[in-house]
Amino acid sequence: KKSIGKVKIILQQNHVEQNGYMQLAPRKSELYGLQGSSSTNQQWLPNLTLHEIRHTAQFDNATGKLKSPLFEQLGLALFGLTIPSWYFEGDAVLSETLFSDGGRGRLSSWHMPIRAILSEDISYSFNKYVHGSFKSNLPSYYTIGYMMNSELYNINPNGIEALYDKLSNSPLRIQNFDKSLKSVYGLKSKQLFDRTLSQLKEAWELP
């Protein structure tokens, strides 16, 4: 496994935010200590730390060759252009679930929105799932991203390092993410989405 560089973690206790983030240039992670109102299965800060540290690893694996504050900013820009939100947030939710006794992936409430959609035999496009809708009631891209990342983990739990190697080797390649995904897992994003929903239907015994 690849190691990640040092990162400063700042705990914000006098705050009403229920979130956290990791950034580059300056390299730091800020965690807000106020727990959200929704039910959960583990302590707030340990879970949040796992999630944000995963983002740190993502940045380092995808843009680790770009050092110093100026180049880190360039690396962050390339990261945002290359890696879709559903992937890097879903990957972080998967990490918080795999490497703890809790995590959102173990909550029935996390699966419920997609399960309800599939139970009603409603079909939404991949783009609608990841970009959201003002008309239809859909979960955020965190949820479908977690489901799709879980499917990648089931296909090959060791493929993630190879994927980041592919991404970092050709940061300016057009459709770099889909081409890298296809190279490592044999699927593009839309194909992975279709496979994920099919596997969920089978697991939940839905028609």
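**Questions on a predicted model**

Reader: Which residues have the most contacts inside the largest nonpolar core?

Author: This is a predicted model, and its largest nonpolar core has 40 residues. Elements that give two or more residues to this core include α1, α3, α4 and α9. In soluble globular proteins, nonpolar side chains tend to be buried together. The residues with the most contacts inside the core are Ile-83, Trp-86, Tyr-87, Ile-114, Tyr-129 and Ile-144.

Reader: Leaving aside neighbours within four places in sequence, which residues is Ile-83 in contact with?

Author: Ile-83 is among the residues with the most contacts inside the largest nonpolar core. Once its neighbours within four places in sequence are left aside, the residues in contact with Ile-83 are Ala-62, Phe-88, Tyr-164, Leu-167 and Phe-177.

Reader: Is Glu-151 buried or exposed, and with which side chain does its own side chain make a polar contact?

Author: Glu-151 is found in helix α6, and it counts as buried because its relative accessibility is 7%, where the cut-off for buried is under 20%. Not counting residues up to four places away in sequence, Glu-151 touches Leu-192, Arg-195, Thr-196 and Gln-199. The polar contact, at 2.8 Å, joins the side chain of Glu-151 to the side chain of Arg-195.

Reader: Along strand β2, which residues point to one face and are buried?

Author: The side chains of β2, which covers residues 20–23, alternate along the strand.

Reader: Which residue in the hairpin of β2 and β3 takes a positive phi?

Author: Strands β2 and β3 run antiparallel and are joined by four bridges, with Tyr-21 standing opposite Glu-30 in β3. The hairpin has four residues between the strands, and the residue that takes a positive phi, near 55°, is Ala-25.

Reader: What is the relative accessible area of Gln-175?

Author: Gln-175 is found in the loop between α7 and α8, and its phi is near 55°, a positive value in a residue other than glycine. Since exposed means over 50%, Gln-175 counts as exposed because its relative accessible area is 54%.

Reader: What relative accessibility does Glu-205 have?

Author: Glu-205 lies in the segment after α9, and although it is not a glycine, it has a positive phi of about 55°. Glu-205 counts as exposed because its relative accessibility is 72%.

Terms used:
Residues numbered from 1 in each chain as written. Predicted model: local features only at pLDDT ≥ 70, side-chain atom pairs only at ≥ 80, totals over all residues. Heavy atoms only, no water. Buried < 20%, exposed > 50% of the residue type's maximum accessible area, 1.4 Å probe, protein only. Core = buried A, V, L, I, M, F, W, Y, C linked by side-chain atoms within 4.5 Å. Contact = heavy atoms within 4.5 Å. Polar contact = N/O pair within 3.5 Å; in protein donor to acceptor, adjacent residues only side chain to side chain. Pairing = 2+ DSSP bridges.
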